[in-house]
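Here is a short briefing on one protein chain. Take a look at the structure, then read the points below.

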Amino acid sequence: MEDLHIIELYWQRDESAIKESQTKYGGYCGAIANNILHSAEDAEECVNDTWLKVWNMMPPEKPSRLDIFFGKITRNLAIDRYRRNKSQKNGGGQTALCLDELGECIGEDNPIEDRLALKELLNSFLRNLPDKNRNIFLLRYWYMMPVAEIAKRNDISKGAVKMILQRVRGKLKKYLEKEGVGV
């Protein structure tokens with residue numbers, strides 16, 4: 001089903017919108033949540049929470065890209081759940097590593113998803129990266145994908161992925177300092 005039709009179903013308050021969303025984007029949202037949470041049950045709950053949140057947001061929201069809209073909501077819900085789990089000593093793993101790595105160049109006091117002032121700078125920085133480096137950066141820090149999986153996807157070694165990420169983080173840190181954003 002086309003995205004515009006799915007949006008229209010939400011606007012008409014037709015519950016089949018949720019079924020259509022799950023059919024078209026359930027796997028995508030599930031992968032995002034699972035990369036962050038590393039728990040099939042938590043990821044499934046997160047995806048279900050995504051559909052509820054979307055139901056409550058549309059209308060008035062009318063996203064231009066459903067994949068990005070759903071992905072962002074799922075990611076934020078998964079990070080919130082991760083933090084709850086971690087605070088209850090039930091978490092750990094890839095998400096903590098990713099957030100720690102980014103903390104080196106962006107700062108650890110305020111999480112990246114809460115620092116709206118960085119949004120445009122980060123977008124500008126990413127637009128100017130070579131495609132391969134940008135994709136590796138996004139796979140690691142947006143989708144929270146393990147280094148081994150990024151290496152496999154890009155047909156390069158884990159060491160090469162780590163080196164690319166380290167260099168991009170270094171460039172990002174210098175870029176942000178040049179733009180007046182201190183760590």
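Phe 125 sits in helix 6, which covers residues 119-127. The model is predicted. Mean pLDDT for the protein chain is 86.

**Confidence**
- Of the residues in the protein chain, 85% reach a pLDDT of 70 or more.
- Helix 2 (residues 16-37) has the highest confidence, at a mean of 96.
- Helix 5 (residues 94-106) has the lowest, at a mean of 69.

**Phe 125**
- Phe 125 counts as buried because its relative accessibility is 7%, under the 20% cut-off.
- Leaving aside neighbours within four places in sequence, Phe 125 is in contact with Val 168, Lys 171, Leu 172 and Tyr 175.
- Leu 176 lies 51 residues from Phe 125 in sequence. In space, the C-alpha to C-alpha separation of Phe 125 and Leu 176 is 8.9 Å.

**Salt bridges of Arg 81**
- Side chains of opposite charge can pair when their charged atoms come close.
- The salt-bridge count is six.
- Arg 81 pairs with Glu 45 in a salt bridge, at 3.2 Å from N to O. This pair links distant parts of the chain: Arg 81 belongs to helix 4 and Glu 45 to helix 3 (residues 40-57), 36 residues apart.
- Arg 81 is buried, since its relative accessible area is 11%, under the 20% limit.
- Glu 45 has a relative accessible area of 40%, so Glu 45 is partly exposed.
- Arg 81 also forms a salt bridge with Asp 49, with the closest N and O atoms 3.6 Å apart. Here too the pair links distant parts of the chain, with Arg 81 in helix 4 and Asp 49 in helix 3, 32 residues apart.
- Asp 49 is partly exposed because its relative accessible area is 33%.
- Salt bridges with shared partners join Asp 42, Glu 45, Asp 49 and Arg 81 into one network.

**Asp 67 and Arg 65**
- Asp 67 is part of helix 4, residues 66-87.
- Asp 67 forms a salt bridge with Arg 65, and their closest N and O atoms are 2.8 Å apart.
- The two side chains also make a polar contact, at 2.8 Å.
- Arg 65 has 46% relative accessibility, so Arg 65 counts as partly exposed.
- Not counting residues up to four places away in sequence, Asp 67 touches Tyr 25 and Tyr 28.

Note on methods
Residues numbered from 1 in each chain as written. Predicted model: local features only at pLDDT ≥ 70, side-chain atom pairs only at ≥ 80, totals over all residues. Heavy atoms only, no water. Helix = DSSP H or I, 4+ residues; strand = E, 2+ residues; numbered from the N terminus. Buried < 20%, exposed > 50% of the residue type's maximum accessible area, 1.4 Å probe, protein only. Contact = heavy atoms within 4.5 Å. pLDDT = per-residue confidence, 0-100. Polar contact = N/O pair within 3.5 Å; in protein donor to acceptor, adjacent residues only side chain to side chain. Salt bridge = Lys/Arg side-chain N within 4 Å of Asp/Glu carboxyl O.
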